[in-house]
Amino acid sequence: VVCIVGVDMAGLLSYFMGQKDGGSKTHSSLEYFYEGISTSLFHVARSWSAPVVMLIRELPTGSSAEKCDVEIYELTEADIESDTVSFYNPHRKAPILILPDGKTLTEVGAIFNYLLLKYDKKYSLHPDPEDMDAYLVYQELFHYALSTLSPLISTNIVARAIEAAEAGPRAGHKEAVERAIDEWQQIVGPKLELFLSKYNGNWMLGEKISPIDILLALPLVQAMEFGLLSDFPTLQEYVKLITRLPSYREAFEGVKAETREFKTAGLEEVLTEAAVKWMVEQKQGTR
């Protein structure tokens with residue numbers, strides 16, 4: 001189920017499904033307000049929107065593939081703090097994917113699944129669910145990257161930031177970091193190296209890149225920066241392989257191909273005037 005983040009659904013329905021001219025509906029969806037807008041991704045470099053950009057660049061191309069028409073916009077720090085971003089994602093974070101009919105996705109896993117369902121129908125990038133064994137491995141690693149690795153890295157980042165702000169570690173923060181480090185060294189590192197050796201390829205699922213490698217990019221690059229991969233040379237080489245990809249350099253480092261420069265307009269410039277007006281009224285409670 002796709003929902004519109006931050007919207008009073010009862011008010012929205014009463015507004016859009018209002019009766020007029022003997023009971024005829026005025027506007028039955030958000031399409032009226034988003035008329036002419038293509039699918040738009042709002043992105044911040046080196047955030048969790050970066051893997052989404054990577055995925056878009058790695059999606060299959062050619063005559064047999066549906067063309068990915070997602071427009072990518074870079075958010076600035078001012079954009080992140082704006083009421084517009086808060087309207088679409090109260091956490092004020094990227095990614096934000098807005099579809100032509102106004103539906104909005106802000107969770108990385110949901111955005112990945114949407115893009116793969118729409119643009120990888122031939123299963124060139126991810127396994128076909130008909131191959132249940134391969135698909136289960138894929139699903140396990142997909143959720144492992146988002147639900148296990150990401151929180152472990154966040155523990156390190158938050159605890160170390162607190163230590164720096166307080167000019168010295170406190171026992172609780174130090175213990176949290178030590179537990180996360182131990183988990184990386186005893187469980188995460190060996191598990192990921194086992195996967196790399198199991199499928200006898202350069203990538204997690206074999207000889208070609210998959211969404212798993214893209215999802216692992218952010219936590220593993222951060223882990224390497226923290227020195228958590230020092231005992232895992234195979235993982236170090238794997239991370240280097242990822243970071244050499246043009247899609248990685250574009251998404252994480254802002255190195256863009258001439259034909260693929262990001263649009264720099266903020267959210268307000270992308271939405272129609274009517275959509276912005278409705279958003280402001282919704283925020284102010286006048287609708």
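**Figure 1. Buried residues of helix H9 in the predicted model.** In helix H9 (residues 233-243), the buried residues are Leu235, Tyr238, Val239 and Ile242. These residues lie on the same side of H9, because they cover an arc of only 100 degrees around the axis. The structure shown here and in the other views is a predicted model.

Figure 2. Lys240 and Glu237 form a salt bridge through their side chains, with an N to O distance of 3.4 Å. The two residues are three apart in helix H9, which means that about one helical turn separates them. Lys240 is partly exposed, and its relative accessible area is 38%. Glu237 also counts as partly exposed, at 45% relative accessibility.

Figure 3. Side chains of opposite charge can pair when their charged atoms come close. Here Arg57 pairs with Glu250 in a salt bridge, and the closest N and O atoms are 3.0 Å apart. The pair joins distant parts of the chain, since Arg57 belongs to helix H2 (residues 50-58) and Glu250 to helix H10 (residues 246-253), 193 residues apart. Are these two residues buried or exposed? Both Arg57 and Glu250 are buried.

**Figure 4. The salt bridge of Lys103 and Asp101.** The side chains of Lys103 and Asp101 form a salt bridge, with 2.5 Å from N to O. Lys103 has a relative accessible area of 36% and is therefore partly exposed. Asp101 is partly exposed as well, with a relative accessible area of 21%; a residue has to be under 20% to count as buried. The count of salt bridges in the model comes to five.

**Figure 5. Packing of helices H2 and H5.** Two packed helices are described by the angle between their axes and the distance between the axes. For H2 and helix H5 (residues 108-119), the axes come within 10 Å and cross at roughly 10 degrees. The two helices are therefore roughly parallel to each other, as angles under 35 degrees count as such. Which residues make the contact? From H2 come Pro51, Val52, Leu55 and Ile56, and these meet Val108, Ile111, Phe112, Leu115 and Leu116 of H5. By class, nine residues in this contact are nonpolar, none is polar and none is charged.

**Figure 6. The loop between helix H4 and strand S5.** Pro95 is placed in the loop between helix H4 (83-88) and strand S5 (96-98). The peptide bond leading from Ala94 to Pro95 is cis, and its omega is near 10 degrees. Arg92 also lies in the loop between H4 and S5. Although Arg92 is not a glycine, it has a positive phi of about 55 degrees. Arg92 is partly exposed, with 26% relative accessible area.

Figure 7. Tyr123 is found in the loop between H5 and helix H6 (132-165). Its phi is positive, about 60 degrees, although Tyr123 is not a glycine. With a relative accessible area of 32%, Tyr123 is partly exposed.

**Figure 8. The whole protein, for orientation.** The secondary structure comprises 12 helices and six strands. The protein has 287 residues, of which 45% count as buried. Among contacts between residues at least 6 apart in sequence, 68% join residues at least 24 apart.

Terms used
Residues are numbered from 1 along each chain as its sequence is written. This is a predicted model: local features need pLDDT of at least 70, side-chain atom pairs count only at pLDDT 80 or more; totals for chains, interfaces and linings use all residues. Side-chain values use heavy atoms; hydrogens and water are left out. Buried means under 20% relative accessible area, exposed over 50%, partly exposed in between (1.4 Å probe, protein chains only). Helices (H or I, at least four residues) and strands (E, at least two) are DSSP runs, numbered from the N terminus. The arc is that of the directions from the helix axis to the C-beta atoms. A salt bridge is a side-chain nitrogen of Lys or Arg within 4 Å of a carboxyl oxygen of Asp or Glu. Axes are lines fitted to C-alpha atoms, for helices over the stretch in contact, and angles run from 0 to 180 degrees between N-to-C directions. Angles under 35 degrees count as roughly parallel, over 145 as roughly antiparallel, 65 to 115 as roughly perpendicular and the rest as oblique. Contact means heavy atoms within 4.5 Å. Ala, Val, Leu, Ile, Met, Phe, Trp, Tyr, Cys and Pro count as nonpolar, Asp, Glu, Lys and Arg as charged, and the others, Gly among them, as polar.
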